[in-house]
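Here is a protein chain to look through.

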Amino acid sequence: MPSSPKSFYGRPPPLSSRRSAFLIIFCLLIGVSGFLYGITSFLRPIHGYRCLNTRPRSVRVVWEQVGSNSGGSNDGIHGGIGVDRHKVMGFVGIQTGFGSVGRRQALRKTWLPSDRQGLERLEEATGLAFRFIIGRANDKSKMASLRKEIAEYDDFIQLDIEEEYSKLPYKTLAFFKAAYALFDAEFYVKADDDIYLRPDRLSILLAKERSHSQTYIGCMKKGPVFTDPKLKWYEPLSHLLGKEYFLHAYGPIYALSADVVASLVALRNNSFRMFSNEDVTIGAWMLAMNVNHENNHELCSTDCTSTSIAVWDIPKCSGLCNPEKKMLELHQKKSCSKSPTLESDE
């Protein structure tokens with residue numbers, strides 16, 4: 001009897017096999033999606049995100065009060081800053097105040113870069129680091145505005161000292177102490193926020209070989225010396241009394257070598273006499289310390305030249321007259337903003 005033809009029917013695969021295949025495909029899809037998300041996140045960082053490893057440029061310096069000195073003793077810094085000192089050839093502290101927002105904006109539009117990358121490029125090109133130096137205020141609105149500006153530009157060092165004109169000598173000493181704690185520099189430069197500065201030429205000046213380790217660089221002028229402590233520092237009396245004169249730098253900009261600043265750091269706040277004028281105070285201390293005075297009139301030029309380092313309206317103003325306007329006008333001049341030492345000329 002002939003056998004009947006057999007019919008064959010494909011059996012469905014077991015349920016467990018189908019689930020395994022589905023699970024493998026699902027995992028592959030998740031893996032590919034995660035990989036693509038990671039790539040896009042790397043190429044396009046989230047807006048406003050700041051890398052946690054990025055070192056903040058703005059810091060608030062709070063001094064430890066050691067002992068029971070009536071004048072206080074700035075012997076250390078809270079918060080661990082100052083342990084790892086940033087190495088530069090020179091540190092420039094631009095002295096500023098709460099009423100100088102317009103001046104800072106003028107500087108950031110001219111010779112001082114307004115962004116982190118620009119400041120880093122300037123430091124790499126010149127060996128100079130720049131920060132605005134400011135104290136504190138009791139006015140909450142002023143402090144809130146300052147915090148916003150710090151968050152936007154990140155180019156400040158804030159000192160734990162009240163911001164007052166009458167306390168400028170104390171602020172200057174606090175600045176040098178903080179700068180020395182934060183930066184390992186060959187020179188520390190005090191500059192005002194109302195001068196037009198050429199960082200490239202300042203760098204060349206500071207890089208010169210010098211035989212003196214204790215050096216005080218500035219545009220020097222003569223100030224009176226009174227031996228009688230009852231007499232005040234009053235200029236018209238000096239020629240009548242026949243007293244001698246001493247050289248000290250004009251206040252808008254001067255530089256102290258690291259050895260000089262190290263000596264200032266060792267001082268207690270009440271160990272040296274403070275005078276009403278900050279430049280006279282520093283000059284008197286330099287006289288007492290017997291440092292080498294280096295007089296350079298390119299630090300007090302009245303207009304931009306091929307050699308000028310700092311430009312301000314001497315003797316009409318202790319900086320630029322109407323600095324917010326004059327700063328922008330000077331920057332438009334080729335003799336001010338361009339030279340063979342700047343990359344922008346190439």
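The questions below go through strands, disulfides, a cavity and one lysine in this predicted model.

Q: Is strand β7 largely enclosed or largely open, and how many of its seven residues are buried?
A: Strand β7 covers residues 156-162. A residue counts as buried under 20% relative accessible area.

Q: Which residue of β7 stands opposite Val59?
A: Strand β1 (residues 59-61) is joined to β7 by three bridges, and the two run parallel. Val59 in this pairing stands opposite Ile157.

Q: How many bridges join strand β6 to β7?
A: Strand β6 takes in residues 128-136 and runs parallel to β7. Phe132 stands opposite Phe156 in β7, and Ile133 stands opposite Ile157. The bridges that join β6 to β7 number four.

Q: Through which helix does the chain cross from β6 to β7, and what is the hand of the crossover?
A: The two strands are joined by four bridges and run parallel. Between them the chain passes through helix α4 (residues 140-153). This β-α-β crossover is right-handed.

Q: Which residue of β6 stands opposite Val92?
A: Eight of the nine residues of β6 are buried, so this strand is largely enclosed by the rest of the structure. Strand β5 (residues 90-95) pairs with β6 in the parallel sense over six bridges. In β6, the residue opposite Val92 is Phe130.

Q: What pattern do the disulfides of the protein chain follow?
A: A disulfide is a covalent bond between the sulfur atoms of two cysteines. A search of the whole structure finds three of them. One joins Cys219 to Cys300, another joins Cys304 to Cys336, and Cys317 and Cys321 form a disulfide as well. With bonded cysteines counted along the chain, the pattern is 1-2, 3-6, 4-5.

Q: Are Cys219 and Cys300 buried or exposed?
A: The cut-off for buried is under 20% relative accessible area. Cys219 has a value of 1%, and Cys300 has a value of 8%. Because of these values, Cys219 counts as buried, and Cys300 also counts as buried.

Q: Which helix holds Cys336?
A: Cys304 and Cys336 are joined with an S to S distance of 1.7 Å. The torsion about their S-S bond is about 95°, so the disulfide is right-handed. Cys304 is in the loop between β13 and β14, 32 residues from its partner, and Cys336 is in helix α11 (residues 334-337).

Q: Are Cys317 and Cys321 buried or partly exposed?
A: Their sulfur atoms are 1.9 Å apart, and with 105° about the S-S bond the link is right-handed. Cys317 has a relative accessible area of 25%, and Cys321 has 24%. Partly exposed covers the range between the buried limit of under 20% and the exposed limit of over 50%, so Cys317 and Cys321 are partly exposed.

Q: What is the volume of the largest cavity?
A: Rolling a probe the size of a water molecule over the atoms shows where empty space is left. The count comes to one cavity of 30 Å³ or more. The volume of the largest cavity is about 40 Å³.

Q: What distance separates the C-alpha atoms of Lys338 and Ser306?
A: Lys338 is placed in the segment after α11 and counts as partly exposed at 37% relative accessibility. Lys338 and Ser306 are 32 residues apart along the chain, and their C-alpha atoms are separated by 9.4 Å.

Conventions: Residues numbered from 1 in each chain as written. Predicted model: local features only at pLDDT ≥ 70, side-chain atom pairs only at ≥ 80, totals over all residues. Heavy atoms only, no water. Buried < 20%, exposed > 50% of the residue type's maximum accessible area, 1.4 Å probe, protein only. Pairing = 2+ DSSP bridges. Right-handed = clockwise from strand over helix to strand, strands pointing away. Disulfide = S-S within 2.5 Å. 1 Å grid on protein atoms, 1.4 Å probe; cavity = no way out; pocket = protein on both sides within 12 Å on 5 of 7 lines; lining within 4 Å. Points joined across faces, edges and corners; volume = space filled by probe spheres on them.
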